[in-house]
Amino acid sequence: MVKPGNVFGHSVEESLVEEKVTPMLGTDVPLKYSPGMAFPLGASEAENGINFAIFSRHASCVTLCLSNFGREKSQEICDGMVEIALDPEKNKTGDVWHICVEGLSRSGILYGYRIDGPQKREQGHGFDNSIVLLDPYAKLVSGRKWFGDVANKMSKFLGTYDFESMPFDWGPDYKLPNIPETDLVIYEMNVRAFTADESSELDPEVRGSYLGVIEKIPHLLELGINAVELLPVFEFDELEFQRYPNPRDHMINTWGYSTLNFFAPMSRYASAGGGPLVASHEFKQMVKALHNAGIEVILDVVYNHTNEANDRHPYTSSFRGVDNKVYYMLDPDNGAKYLNFSGCGNTLNCNHPVVMELILDSLRHWVNEYHVDGFRFDLASILCRGTDGSPLNSPPLAKAIAKDAVLSRCKIIAEPWDCGGLYLVGNFPNWDRWAEWNGKYRDDIRRFMKGDCGMKGTFATRISGSADLYQVNKRKPYHSINFVIAHDGFTLCDLVSYNFKHNDANGEGGKDGSNDNFSWNCGVEGETDDVDIIGLRSRQMKNFHLALMISQGTPMMLMGDEYGHTRYGNNNSYGHDTSINHFQWKQLEERRGGHFRFFCEMIKFRCKHPMLRQDRFLTKNDVAWHEDNWSNQESKFLAFTLHDDQFGGDIYLAFNAHDYYVKAAVPSPPHKKRWHRVVDTNLESPKDFVPEGVPFSNTSYNVASYSAVLLEAKP
């Protein structure tokens, strides 16, 4: 007996076998089928064939569509399909429609569904039986073969499966990194953009792929990070903007925040146009290689909306046509139109029991099948809304994720806001498990560094672990994901080069992207030949990185900031599959001895000093603030000493955001120690960072304008 979860409201017994025969398209072999089983959802291998099961509570008619019989697995989807109508009396149990088909290949068959039901959109339905829909539980998705292939921009996306291949060989010595949260240094990156540029010098068949990431692991190790946070790698349609005429129809969605399916790895990140089976295998190869290098894999996941757009320009590909009323939040007072807390046209109905189970099944699949180490949840405040969109104090989904046994080893990180104004930084329902992107850290560090008045005290709070936000119950400093830069917004170089966004290339008249960047161009907007401004910008980038790496909490940096990548002021570059987003490997080489060296050394310094990554909040015994005038709104200078009671290796730090030198008193070093200058961001490389330190005996230090200093006590 097979019993489903109670979210479907019925227990399910295995259906009695009642075979029927249908001619198989393109072959002489008859296709036999029987009622099948309601669980598991998706395509699964049964004793007597391939079982297909799909949830749809409001459907009146479901037809299974099959294709790709006897064809090469790499062939594009063909139009001809076998269609098998499911009998609601025999092929439906509870709200699950199911059928078992004999004689199918164990790999490479393409499948989808035509689903019909009530036609009244004002009642919340979105059925359209003219469309072959993608199974929400498809474990692999087949579509166009090549990323950005505009000749196939209207490509269909269908499910497929593979029960034929041998299990992936993780290796006899393979083990998960299991890096403590205190020790994480996260590198946010885009799989395609990391190696798509020809400057990567990879084989063109490998550029922009999972295998491309493997080739560049030495760079990640040299940089010193130990976790990658991958921008979305679930199947998405990068050409969704080009499906109808609109101001953005020149764009290619290279970030991927527009999910087609929550179980399948992005097939066009396979090498050489290999397709979904190759993508699945190569994704595992990438994870294995990263793990063997001691690097964890965190996925940026988008469970807040899907690719299916809005009411005005619907892109029905799966959930909308399967059961719109269940999968999406709708406004009953406005003709059941979509509630749009995501800013992308629709909002997934996350706390509906069926949708919640889908999300949990998806997360477990990525942990069990692909061995990922954690998840960053995009616009996670949507996970805290009820089915009517109202905020919940104890959202079932967030709690279930925190308590789930399979997910218990995973890092779980919330982006604690959404586009509906539910800002939960410091207040995300957490069960002492959830970490958060600390948006207040980003804003406050930026404001202090550019010289805003009245920010000194707040700056001190942020670099100390944001106890005002996270010192609650059993939460720890590492539950604050500290970042100055992320994928959306300015790069680090642009943060110190532009006062205003420059997004005209996005096609929305510059209206998209945030206006609240807290950036400062250091005197000239954009590129300049002025050596003084170039020098100031360099200091500021080093200041930001130093602050990030000495802060209590978990640091996260953005791909490309290690060499000073620019997007030329575009702070919303999601739609550009060009050098705007692509990692520029030649620029890295040009800046290896200066900017890049400083970034590497600073990460290594953090990793070598446990006092910078505490598992508890600082006390008065841990830090001495060299400040007696906290209320001075004009003061933009902060100095302090972190104490190492165990080894006496104190660290003195000073940050000067004034436009003039500050002569700072330096405290006496611990007994039998002397100060060594490790960092002075005002100095040129390699003097700006000296790992062994330069002995320093003075009782004061002249800290240059817009610069920072780090001294370490050594014998």
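In this predicted model, helix H5 (residues 319-327) and helix H6 (residues 353-370) approach each other with their axes within 10 Å and cross at roughly 120°. On the side of H5, the contact is formed by Phe319, Val326 and Tyr327, and on the side of H6 by Val354, Val355 and Leu358. Sorted by class, the contact of H5 with H6 comprises six nonpolar residues, with no polar and no charged ones.

## Packing around helix H8

Helix H8 (residues 439-449) packs with helix H9 (residues 456-463) at an angle of about 135°, and their axes are 9 Å apart. That angle makes H8 oblique to H9. The crossing of these two helices, H8 and H9, is left-handed. From H8, the residues Lys440, Tyr441, Asp444, Ile445, Phe448 and Met449 meet Lys456, Thr458, Phe459, Arg462 and Ile463 of H9. The contact of H8 with H9 holds six nonpolar residues, one polar residue and four charged residues.

H8 also packs with helix H12 (residues 531-550), at an angle of about 135° and with the axes 11 Å apart. H8 and H12 are therefore oblique to each other. Here H8 passes H12 in a right-handed crossing. The residues in contact are Tyr441, Ile445, Arg446 and Met449 of H8, together with Gln540, Asn543, Phe544, Ala547 and Leu548 of H12. By class, the contact of H8 with H12 has six nonpolar, two polar and one charged. Tyr441, Ile445 and Met449 of H8 are listed in the contact with H9 and also in the contact with H12.

| Helix pair | Crossing angle | Axis separation |
|---|---|---|
| H5 and H6 | roughly 120° | within 10 Å |
| H8 and H9 | about 135° | 9 Å |
| H8 and H12 | about 135° | 11 Å |

## Domains and annotation

The protein is divided into domain 1 (33-162), domain 2 (186-612) and domain 3 (623-714). Taken over C-alpha atoms, the centres of domain 1 and domain 3 are separated by 64 Å. An unreviewed UniProt entry carries the annotation "domain: Glycosyl hydrolase family 13 catalytic" for residues 188-606.

## Asparagine 621

Asparagine 621 is located in the loop between helix H14 (592-608) and strand S22 (623-625). Leaving aside residues up to four places away in sequence, asparagine 621 touches His643 and Asp645. The C-alpha atom of asparagine 621 is separated by 72 Å from that of methionine 81, and the two residues are 540 residues apart along the chain.

## Backbone features in loops

One runs from phenylalanine 39 to proline 40, with omega near 5°. Proline 40 is found in the loop between strand S2 (30-34) and strand S3 (42-46). Another cis peptide bond runs from serine 685 to proline 686, with omega near 10°. Proline 686 has its place in the loop between strand S26 (674-680) and strand S27 (689-696).

A further backbone feature concerns alanine 272, which has a positive phi of about 55° although it is not a glycine. Alanine 272 lies in the loop between strand S13 (227-230) and helix H4 (276-292).

Technical notes
Residues are numbered from 1 along each chain as its sequence is written. This is a predicted model: local features need pLDDT of at least 70, side-chain atom pairs count only at pLDDT 80 or more; totals for chains, interfaces and linings use all residues. Side-chain values use heavy atoms; hydrogens and water are left out. Domain bounds come from an automatic or database domain assignment. UniProt positions are given in the numbering used here, feature names are shortened, and annotations may be inferred rather than shown by experiment. Axes are lines fitted to C-alpha atoms, for helices over the stretch in contact, and angles run from 0 to 180 degrees between N-to-C directions. Helices (H or I, at least four residues) and strands (E, at least two) are DSSP runs, numbered from the N terminus. Contact means heavy atoms within 4.5 Å. Ala, Val, Leu, Ile, Met, Phe, Trp, Tyr, Cys and Pro count as nonpolar, Asp, Glu, Lys and Arg as charged, and the others, Gly among them, as polar. Angles under 35 degrees count as roughly parallel, over 145 as roughly antiparallel, 65 to 115 as roughly perpendicular and the rest as oblique. A crossing is left-handed if the near helix is turned anticlockwise from the far one by less than a right angle, and right-handed if clockwise.
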